[in-house]
Amino acid sequence: VVGALADGPLTGKRIIVTSGPTHEPIDPVRYIANRSSGAQGTAIAAALRALGAEVVFVTGPASVAPPYGVDLVPVETAREMRAAVLAALPADAAVFAAAVADWRVVGASDSKIKKVAGALPVMEFAENPDILAEVSQMAHGRPALVVGFAAETDDVIRNATAKRARKGCDWIVANDVSPATGIMGGSENAVTLISDSGAESWPRMGKDAVARQLAARIADALV
Ligand code: CTP
Ligand code: CA
């Protein structure tokens, strides 16, 4: 049967996964965004589904194809992603793998801004909603397990630990995305899982393997 869920330790669990970048329009042809292929989020969604979870996959414009068998919710901007996540609640767990643009352009133009020699556009930015923080701090209907990501270039563990405390999520999956690591845009990842029990660094492995290991940990935590 098309769409039938695999039976596994996450059968009966509903999990939201955000993935990919968001695009914040400047005008109809231009945008600002974070770098993200969506590969790690896609792999996590696939791994959760393989363990039997019902996965709501809220994805910005990614460069990899979405996984099969998920409830696919394509979005463009951070504000659309927030609305889609809130609409997908309640859920047993939520994994925030998206690289959400921190700012959007105020007063994005409905028509293409024409280039005029010597006249540079000046843009004003507004802060986007922090979806992970909002869901982590929900007084009612908070998923039992909220997992955030922290892609850092400096002081990875310290920054990610502070980020976990600031946002109020249960786990942070931290990684070093300094150019020298070659992680950004590649097929491998080297992550540290930060939780109440401390920081646990996993060996560098394929993004699919990271995803399977994380999905297994989520299954352990949700029983
Ligand atoms: N996140 C989110 N909504 C945002 C920004 C981030 O849900 N508006 C989530 C990301 O999906 C990720 C986590 O928060 O799981 C951390 O994102 P990150 O960009 O590392 O954290 P920021 O708080 O935005 O800090 P900074 O970019 O300054 O490091
Ligand atoms: Ca950010």
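What radius of gyration would a compact globule of 223 residues have, and what does the protein have? The rule puts such a globule near 17 Å, and the protein comes out at 18 Å, which agrees. This is a predicted model, and its C-alpha atoms fill a box of roughly 60 × 40 × 35 Å along the principal axes. Of the 223 residues, 39% count as buried. Among contacts between residues at least 6 apart in sequence, 63% link residues at least 24 apart.

As for secondary structure, there are five helices and 14 strands. Eight of the strands make up an open sheet with mixed pairing, in the order 5-4-1-6-9-10-12-13. Strand 5 (71-74) and strand 13 (198-201) sit at the edges with a single partner strand each, so one side of each has no neighbour in the sheet. On average, neighbouring strands here are turned by 15° against each other, direction ignored.

Within the sheet, strand 9 and strand 10 (residues 171-176) run parallel and are joined by six bridges, with Ala 151 opposite Asn 175 of strand 10. Helix 1 (residues 39-50) packs on the sheet, touching strands 1, 4 and 6, and its direction makes about 165° with that of strand 1. Helix 5 (residues 207-222) packs on the sheet too, touching strands 6, 9, 10 and 12; its direction makes about 150° with that of strand 9.

Then there is ligand 1, with 16 residues around it, of which Phe 96, Val 100, Ile 131, Leu 132 and Gly 148 come nearest. Helix 3 (131-136) and strand 9 (145-152) are the elements giving two or more residues to this shell, and strand 9 supplies the largest share, four residues. By type, the shell holds ten nonpolar, three polar and three charged residues.

Terms used. Residues numbered from 1 in each chain as written. Chains lettered and ligands numbered in written order. Predicted model: local features only at pLDDT ≥ 70, side-chain atom pairs only at ≥ 80, totals over all residues. Rg over C-alpha atoms; globule rule 2.2 N^0.38 Å. Buried ≥ 20, exposed ≤ 12 C-beta atoms within 10 Å, placed from the backbone. Contact = placed C-beta atoms within 7 Å. Near = placed C-beta within 6 Å. Nonpolar A, V, L, I, M, F, W, Y, C, P; charged D, E, K, R; others polar. Pairing = 2+ DSSP bridges. Axes fitted to C-alpha atoms, helices over the stretch in contact; angles between N-to-C directions.
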